[in-house]
Amino acid sequence: MADNKAKRGGADRALIALGEKYEVAYWSKKFKVTPAKLKYAVKKVGHSARKVEEYIKLQKHRASDKSRIALSEAYEVRYWSKKFKITPAKLKAAVAAAGHSSKKVGAYLAAQKAAKKAKKSAKKTAKKTVQRKMAA
């Protein structure tokens with residue numbers, strides 16, 4: 001869609017012209033997306049800047065929502081419990097301790113597992129030490 005340089009009114013400002021490099025650069029910067037994502041959004045919803053902005057916001061919301069754990073939804077609790085291989089009660093406790101971010105919960109669970117493993121190893125080492133002293 002070629003940009004008509006003679007028309008400088010509001011109707012022209014409300015449209016995104018993908019054929020003009022400066023417009024692609026402007027709208028990409030304004031919406032904080034790559035030019036490729038902007039072009040995809042324009043092809044998906046049309047040249048209207050308002051519709052493209054709504055589409056991009058929706059996509060960003062969906063992307064951030066995927067990494068959040070919503071304990072209020074039973075299917076989410078089932079999904080994340082299965083993914084982390086823990087019980088729903090342990091998942092709820094982990095979310096309470098680390099927050100709703102799946103990355104933070106994963107890191108929290110990994111740290112707990114590592115601490116449990118270290119404690120078990122220390123206990124085993126102490127037991128061997130006691131057995132050596134008893135044998136000597």
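Analyst: Helices here are DSSP runs of H or I with at least four residues, strands are DSSP runs of E with at least two, and both are numbered from the N terminus. On that basis the chain has seven helices and zero strands, and reading along the sequence gives the pattern α-α-α-α-α-α-α.

User: Before I rely on any of this, what kind of model is it, and how are residues numbered?

Analyst: This is a predicted model, in which local features need pLDDT of at least 70 and side-chain atom pairs count only at pLDDT 80 or more, while totals for chains, interfaces and linings use all residues. Residues are numbered from 1 along each chain as its sequence is written, and side-chain values use heavy atoms, with hydrogens and water left out.

User: OK, what share of the residues counts as buried?

Analyst: Of the 136 residues of the chain, 22% are buried, where buried means under 20% relative accessible area, exposed means over 50%, and partly exposed is in between (1.4 Å probe, protein chains only). The chain exposes about 10700 Å², with 59% of that supplied by carbon and sulfur atoms; the areas come from the Shrake-Rupley method with a 1.4 Å probe, and for residues only the protein chains shown count as cover.

User: And what share of the contacts joins residues at least 24 apart?

Analyst: Taking contacts between residues at least 6 apart in sequence, 26% join residues at least 24 apart, a contact being heavy atoms within 4.5 Å.

User: Switching to aromatics, how many pairs does a search of the whole structure find?

Analyst: The search finds four aromatic pairs. Rings of Phe, Tyr and Trp (its six-membered ring) pair if their centres lie within 6.5 Å, and planes under 30 degrees apart count as stacked, over 60 as edge-to-face and the rest as tilted. One of the pairs is Y26 with W27, which is edge-to-face at 5.0 Å centre to centre and 75 degrees between the planes. Y26 is partly exposed at a relative accessible area of 46%, whereas W27 is buried at 8%. Y26, W27 and F31 form one aromatic cluster.

User: What about W80 and F84, and why is that pair called stacked?

Analyst: Their ring centres are 5.7 Å apart and their planes lie at 25 degrees, so the pair counts as stacked. W80 and F84 both belong to helix α5 (residues 74–84), where they are four residues apart, about one turn of the helix. W80 is buried at 7% relative accessibility, and F84 is partly exposed at 21%.

User: Which residues does S102 touch beyond its sequence neighbours?

Analyst: Leaving aside neighbours within four places in sequence, S102 is in contact with S67, I69, W80 and F84, so the stacked pair of W80 and F84 turns up again here. S102 is part of helix α7 and is buried, with a relative accessible area of 11%. The C-alpha atoms of S102 and K66, 36 residues apart along the chain, are separated by 8.7 Å; K66 sits in helix α4 (residues 49–66) and is exposed at 65%.

User: New topic: which residues lie nearest the centre of the largest pocket?

Analyst: The largest pocket is lined by 13 residues, and I86, K90, L109, Q112 and K113 lie nearest its centre. The elements giving two or more residues to that lining are α6 (88–98) and α7 (102–135), and the largest share, seven residues, comes from α7.

User: Where do K32 and K85 sit, and what is their phi?

Analyst: K32 is in the loop between α2 (21–31) and α3 (35–45), and its phi is near 55 degrees, a positive value in a residue other than glycine. K85, in the loop between α5 and α6, has a positive phi of about 60 degrees although it is not a glycine. For background, most residues other than glycine have a negative phi. K32 is exposed at 71% relative accessibility, and K85 is exposed at 76%.

Conventions: 1 Å grid on protein atoms, 1.4 Å probe; cavity = no way out; pocket = protein on both sides within 12 Å on 5 of 7 lines; lining within 4 Å.
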